[in-house]
Structures are given as structure tokens and as C-alpha cells.
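Biologist: I am new to this structure and would like to learn how to read it. Could you walk me through it?

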Amino acid sequence: ISPTGRGRHPIAVTSGFLFLYSRSQSMLDDSKSGPELDLMHPDPLHRAEAVHTIRNFTPSLMEAALTDPTPLVRVAALWRMHVRLTVAQLERALTDPDPGVRMRAIFRPETLTIAQLKRAMSDANGLVQQAAIIKRMRNR
């Protein structure tokens, strides 16, 4: 566990996963800190934390998070299950250069086509292949 400074709670990194904790109660109140401003913050950890803590995560905020240059923010956005992805957003996530984003996109509740699953099963990354096989077996 390492402190992040500037009034934030610590961030714990365990087994390659990053667990983010809310830095303050004001972050949870969208009226006090604009969610659009949080997603434009220069610090990628701040943007990823904002994705997890914004209460009213709208489709427009999802689009902003999915086009973020940092894979951590894109993966965090894909965890927001209550916001449905458009076909274009899902396809972009499935063809993302980062394997973590591709793997997380596979486990979204949206239905994947057979072509998308076959492409994921032949991915260069073994974890993406494994995720696609698990998704295929669950959908039988």
C-alpha cells in the first residue's frame, strides 16, 4: 500500500489488480465535482477513480471513458455494467490494443456475435483467448 498524497486514500496494488478507494465524500457528490471535469483530469488514476465513483454514469460519460488514452480508465469503464454499450463501443473495446481491455469487454453482459468470439479465441494474448472460451461455454 502506498499513499497517493493530496488528501486521497491509499491505493493498494495486489496481484496485478489495482483497487481504488474513494478519495473523499465530495467525489461522490456529482453536484460538487463535475464528472466531466474528473474524467478530464491529467492524472490517469484520478480518472479511473472517477469512473468507479460517479453515481450517475451516463452513456456520454461512458463514451468519454472508453476513448481515454489510458487502458486503466477504459477497463474501469467496462466494469460499469448498468450502462449499455453501443455496437461501435463494444467493437472498439474488443479490438483495443490493450489485452486487459479486450478481456474485460468479453465479459460484458452484451451478447457477442460468433465472429467476435472466434476473433477473440484466436487473439495473440492467452488470457483473452481463455476469456472468450469461458464466455462461449457460458452461452451454450
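Modeller: Gladly! Let us begin with one working idea: two residues are in contact when heavy atoms of theirs lie within 4.5 Å. Please keep in mind that this is a predicted model. With that idea we can read what covers the buried residues of helix 8: the cover includes helix 6 (87-94), helix 7 (99-106) and helix 9.

Biologist: Which residues of helix 8 are buried?

Modeller: A residue is called buried when its relative accessible area is under 20%, and exposed when it is over 50%. In helix 8, Gln116, Leu117 and Ala120 are buried. Because they cover an arc of only 100° around the axis, they lie on the same side of helix 8. Ala115 and Lys118, on the other side of helix 8, are exposed.

Biologist: How do the axes of helix 8 and helix 9 cross?

Modeller: For a pair of helices, look at the approach of the axes and then at the angle. Here helix 8 (residues 114-121) and helix 9 (residues 126-138) have axes that come within 7 Å and cross at roughly 145°. By class, 7 nonpolar, 1 polar and 2 charged residues make up the contact of helix 8 with helix 9.

Biologist: Which residues of the two helices meet there?

Modeller: From helix 8 come Ile114, Leu117, Ala120 and Met121; from helix 9 come Val128, Gln129, Ala132, Ile133, Lys135 and Arg136.

Biologist: Which residues are buried in helix 9?

Modeller: They are Val128, Ala131, Ala132 and Lys135. These cover an arc of only 100° around the axis, so they sit on the same side of helix 9. The buried residues of helix 9 pack against helix 7 and helix 8. As for length, helix 9 has 13 residues and reaches 18 Å from its first C-alpha to its last, close to the 18 Å expected at 1.5 Å a residue.

Biologist: Why is helix 3 described as largely enclosed?

Modeller: Count its buried residues: 7 of the 10 residues of helix 3 (residues 44-53) are buried, so the rest of the structure largely encloses it. The buried ones are His46, Arg47, Ala48, Glu49, Ala50, Val51 and Thr53.

Biologist: And how many helices and strands does the protein have?

Modeller: There are 9 helices and 2 strands, and from the N terminus on the order is β-β-α-α-α-α-α-α-α-α-α. Of the 140 residues of the protein, 40% count as buried. The protein exposes about 8,100 Å², with carbon and sulfur atoms supplying 61% of it.

Terms used: Residues are numbered from 1 along each chain as its sequence is written. This is a predicted model: local features need pLDDT of at least 70, side-chain atom pairs count only at pLDDT 80 or more; totals for chains, interfaces and linings use all residues. Side-chain values use heavy atoms; hydrogens and water are left out. Axes are lines fitted to C-alpha atoms, for helices over the stretch in contact, and angles run from 0 to 180 degrees between N-to-C directions. Helices (H or I, at least four residues) and strands (E, at least two) are DSSP runs, numbered from the N terminus. Ala, Val, Leu, Ile, Met, Phe, Trp, Tyr, Cys and Pro count as nonpolar, Asp, Glu, Lys and Arg as charged, and the others, Gly among them, as polar. Buried means under 20% relative accessible area, exposed over 50%, partly exposed in between (1.4 Å probe, protein chains only). The arc is that of the directions from the helix axis to the C-beta atoms. Accessible areas come from the Shrake-Rupley method with a 1.4 Å probe; for residues, only the protein chains shown count as cover. The expected span of a helix is 1.5 Å times one less than its number of residues.
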